[in-house]
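Please look over the sequence and the model before reading on.

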Amino acid sequence: MANWKGKTKGSPLGYLFFIRVIQIFGIRFTYLILRVVTFQYVIFARKTKQNLRLFYSKIPTIEKSKINRIIRKNFNLLGESLVDKFAFLIGKGKEISYTQEGENQITEIADRKEPLILLSAHIGNWEIAGNFLKSLDTKVNVLMFDGEREKIKSLIKNEVGEVHFNIIPIKNDLSHIFSVTNAVRNGEIICVHADRYLPGAKTITTKFFGRDIELPYGPFQMAAKLKANHAFIFAVKDSKFNYHFTCSKPEKITSPEQVAANYVRILEEKVSKNPEQWFNYHPFFKEDVSQ
């Protein structure tokens with residue numbers, strides 16, 4: 001992932017178009033239009049397809065003959081996840097439901113006003129998982145790289161209003177560490193993706209399906225050193241309008257390496273069951289990063 005720049009892809013005009021279609025026609029019709037857009041990505045997104053093919057070819061649970069079909073489905077599900085996200089944000093997500101596994105564990109910790117660090121990855125739909133968190137009686141903080149284009153952030157704010165969580169931008173001056181520490185002291189929830197890093201960032205090497213990968217050291221160090229419970233959460237689509245939300249058992253572990261190993265073990269399970277919902281489009285295995 002050394003070639004990732006910390007920016008979210010997508011144009012303001014494209015986002016606005018789909019927001020308008022959802023507002024006027026609803027989710028089902030938007031899905032139909034989406035198929036035309038994703039078909040273009042299947043044809044022209046050469047680099048993204050190359051990275052996906054490289055990733056899938058090294059997952060032992062995936063048959064090589066099915067990789068191209070999985071890639072096509074991947075693009076369509078990515079589009080659906082974006083539509084679902086915007087539908088929720090603008091109040092048009094009533095058709096979308098979710099089943100849960102381990103949700104009560106988050107609620108119990110939040111009710112006790114204890115801090116909780118939630119680690120996830122770019123698989124499934126984070127926004128759907130985050131939609132549940134807004135119902136909790138505690139402050140939710142999301143760490144993210146402050147690399148999104150200002151026009152896109154401004155558009156989303158103008159169209160859907162303020163988000164229901166507090167954003168802590170990850171910066172080079174490490175000022176976000178103080179914000180995270182204060183959040184833990186106040187018994188708040190902290191959410192962070194742990195499967196991407198910027199060039200020059202400190203990393204931790206671990207095994208993913210038996211191959212070396214590098215993950216950002218920060219999230220695992222944070223989970224291990226701040227003396228707060230941490231858990232791994234994911235929301236994957238298991239039918240047209242339903243997501244399955246899972247939360248692992250919260251733990252307190254003082255070794256970043258052990259936290260990373262546990263994270264990877266669960267991530268392997270998610271990728272094996274839902275390979276078409278892997279939305280990390282950058283080289284993932286250490287042997288591929290420099291290519």
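The text below treats cavities, a surface patch, backbone angles and salt bridges in turn.

**Cavities**

The model is a predicted one, and 3 cavities of 30 Å³ or more are found in it. The largest cavity holds about 50 Å³ of space. Its lining is formed by Asn-51, Leu-54, Phe-55, His-282, Pro-283, Phe-284, Phe-285 and Asp-288. Helix α3 (residues 46–56) contributes the largest share of that lining, 3 residues. Sorted by class, the lining of the largest cavity comprises 5 nonpolar, 2 polar and 1 charged residues.

Helix α3 also carries Gln-50, which is partly exposed at a relative accessible area of 37%. Between Gln-50 and His-282 lie 9.5 Å in space, C-alpha to C-alpha, although the two are 232 residues apart in sequence. His-282 is itself one of the residues lining the largest cavity.

Among the residues that line it are Leu-77, Glu-80, Ser-81 and Asp-84, together with Lys-237, Tyr-243 and Phe-279. Here helix α4 (residues 67–89) gives the most, with 4 residues. The lining of the second largest cavity divides into 3 nonpolar, 4 polar and 3 charged residues.

**A nonpolar surface patch**

Ile-24, Phe-25, Phe-29 and Leu-32 make up a nonpolar surface patch of about 440 Å². At least two residues of this patch come from each of α1 (12–25) and α2 (27–44). Leu-32 belongs to helix α2. With a relative accessible area of 56%, Leu-32 is classed as exposed, because the cut-off for that class is over 50%.

**Two positive phi angles**

Which residue in the loop between β6 (203–208) and β7 (211–216) calls for attention? It is Phe-209, whose phi is near 50°, a positive value in a residue other than glycine. Phe-209 is buried, with a relative accessible area of 18%.

Lys-227 likewise is not a glycine and has a positive phi of about 55°. This residue sits in the loop between α9 (217–225) and β8 (229–239). Is Lys-227 buried or exposed? At 74% relative accessibility, Lys-227 counts as exposed.

**Salt bridges**

Across the whole structure, 12 salt bridges are found. Three of them are listed here.

| Salt bridge | N to O distance |
|---|---|
| Arg-112 and Glu-114 | 3.1 Å |
| Arg-211 and Glu-287 | 3.0 Å |
| Lys-286 and Glu-214 | 4.0 Å |

In the pair of Arg-112 and Glu-114, Arg-112 is partly exposed at 47% relative accessible area, and Glu-114 is partly exposed at 30%.

The side chains of Arg-211 and Glu-287 form another salt bridge. Arg-211 lies in strand β7 and Glu-287 in helix α11 (residues 286–289), so this pair ties together parts that are 76 residues apart in sequence. Arg-211 is partly exposed, at 31%, and Glu-287 is partly exposed, at 39% relative accessibility.

A further salt bridge joins Lys-286 and Glu-214. Lys-286 is placed in helix α11 and Glu-214 in strand β7, so the pair ties together parts that are 72 residues apart in sequence. Lys-286 counts as partly exposed, at 38% relative accessibility.

Arg-211 and Glu-287 also take part in a network of salt bridges that links them with Lys-58 and Asp-288.

Definitions and conventions: Residues numbered from 1 in each chain as written. Predicted model: local features only at pLDDT ≥ 70, side-chain atom pairs only at ≥ 80, totals over all residues. Heavy atoms only, no water. 1 Å grid on protein atoms, 1.4 Å probe; cavity = no way out; pocket = protein on both sides within 12 Å on 5 of 7 lines; lining within 4 Å. Points joined across faces, edges and corners; volume = space filled by probe spheres on them. Nonpolar A, V, L, I, M, F, W, Y, C, P; charged D, E, K, R; others polar. Patch = residues over 30% accessible without salt bridge, like charges linked within 9 Å, V, L, I, M, F, W, Y side chains within 5 Å. Areas by Shrake-Rupley, 256 points an atom, 1.4 Å probe, with all protein chains shown as cover. Buried < 20%, exposed > 50% of the residue type's maximum accessible area, 1.4 Å probe, protein only.
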